[in-house]
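The sequence and the structure are shown first.

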Amino acid sequence: MDVNEINILVLAYLGDTIYEGYVREYLINKRISNVNDLQKESINFVSAKSQAKFLTQLMEKNLLSQEELDIVKRARNYRNSRHPKNCDIITYKHATALEALIGYLHLVKNDKRVNQIMKYILSEEEK
């Protein structure tokens, strides 16, 4: 299977699951034991606005390789006019791009890089 031929939204679909799994585990490890509190805290990471912010930081700090930037650009430029009502299309496209990157890295068996990116994202909350 050529990962580059997979629909970018399918990569984002997979990446969303992986991303959210990291966030959930991180919050549980912070000893948050109430499900409602977990849900409230997770918004700091899983909202489109938060994901777009993290992607922008990764790009501004030149923390992504050219290969990773190519995936991000492919996802951002994907023609999709649908987006949630609670965010603008640009924010949504950036969030989708981050999720697609995570999904792509997972499918090419580069979970070490997924770990590095997620470690950066999760450590940003503590700053």
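## Gln51 and helix H3

Gln51 is buried in this predicted model. Its relative accessible area is 2%, and because burial requires a value under 20%, Gln51 falls within that class. The residue belongs to helix H3, which runs over residues 48-60. The side chain of Gln51 makes a polar contact with the side chain of Glu99, at 3.2 Å.

Helix H3 has 13 residues. From its first C-alpha to its last it reaches 18 Å, close to the 18 Å expected at 1.5 Å a residue. Besides Gln51, the buried residues of H3 include Ala48, Ser50, Ala52 and Phe54. Leu55, Gln57 and Leu58 of H3 are buried as well. Just after H3, Asn62 takes a positive phi of about 55°.

## Helix H2 and its two faces

Helix H2 covers residues 35-46 and thus has 12 residues. At 1.5 Å a residue, H2 should span 16 Å; its end C-alpha atoms are 15 Å apart, which agrees with that expectation. At the start of H2, a side-chain oxygen of Asn34 reaches to within 2.8 Å of the backbone nitrogen of Asn36.

Which residues of H2 are buried? They are Leu38, Ser42 and Phe45. Seen down the axis of H2, these buried residues fall within an arc of 40°, so they line one face of the helix. The face of H2 turned away from the buried side carries the exposed residues Asn36 and Lys40.

Lys40, which has its place in H2, shows a relative accessibility of 60%. Exposure requires a value over 50%, and Lys40 therefore counts as exposed. Along the chain, Lys40 and Glu67 are 27 residues apart, and their C-alpha atoms are separated by 34 Å.

## The packing of H1 and H2

Two packed helices are described by the angle between their axes and the distance between the axes. Helix H1, which covers residues 8-29, packs with H2 at an angle of about 130°. The axes of H1 and H2 are 10 Å apart. Angles from 65 to 115 degrees count as roughly perpendicular and angles over 145 as roughly antiparallel; H1 and H2 are therefore oblique to each other. The crossing of these two helices, H1 and H2, is right-handed.

The loop between H1 and H2 contains Arg31. Although Arg31 is not a glycine, it has a positive phi of about 70°. Arg31 counts as exposed, at 75% relative accessibility.

Helix H4 is formed by residues 66-76. Its buried residues are Glu68, Leu69, Ile71, Val72 and Ala75. They cover an arc of only 160° around the axis, which puts them on the same side of H4.

Asn77 lies in the loop between H4 and H5. Is Asn77 buried or exposed? Asn77 is exposed, with a relative accessible area of 57%. Asn77 and Glu67 are 10 residues apart along the chain, and their C-alpha atoms are separated by 15 Å.

Leu105 is found in helix H5. At 2% relative accessibility, Leu105 counts as buried. In sequence, Leu105 and Leu11 are 94 residues apart. In space, the C-alpha atoms of Leu105 and Leu11 are 9.3 Å apart.

Lys109 lies in the loop between helix H5 (89-107) and helix H6 (111-124). Its phi is near 65°, a positive value in a residue other than glycine. Lys109 is exposed, with a relative accessible area of 70%.

Terms used:
Residues are numbered from 1 along each chain as its sequence is written. This is a predicted model: local features need pLDDT of at least 70, side-chain atom pairs count only at pLDDT 80 or more; totals for chains, interfaces and linings use all residues. Side-chain values use heavy atoms; hydrogens and water are left out. Helices (H or I, at least four residues) and strands (E, at least two) are DSSP runs, numbered from the N terminus. The expected span of a helix is 1.5 Å times one less than its number of residues. Buried means under 20% relative accessible area, exposed over 50%, partly exposed in between (1.4 Å probe, protein chains only). The arc is that of the directions from the helix axis to the C-beta atoms. A polar contact is a pair of N or O atoms within 3.5 Å; within protein, one must be able to donate a hydrogen and the other to accept it, and residues adjacent in sequence count only if both atoms are side-chain atoms. Axes are lines fitted to C-alpha atoms, for helices over the stretch in contact, and angles run from 0 to 180 degrees between N-to-C directions. Angles under 35 degrees count as roughly parallel, over 145 as roughly antiparallel, 65 to 115 as roughly perpendicular and the rest as oblique. A crossing is left-handed if the near helix is turned anticlockwise from the far one by less than a right angle, and right-handed if clockwise.
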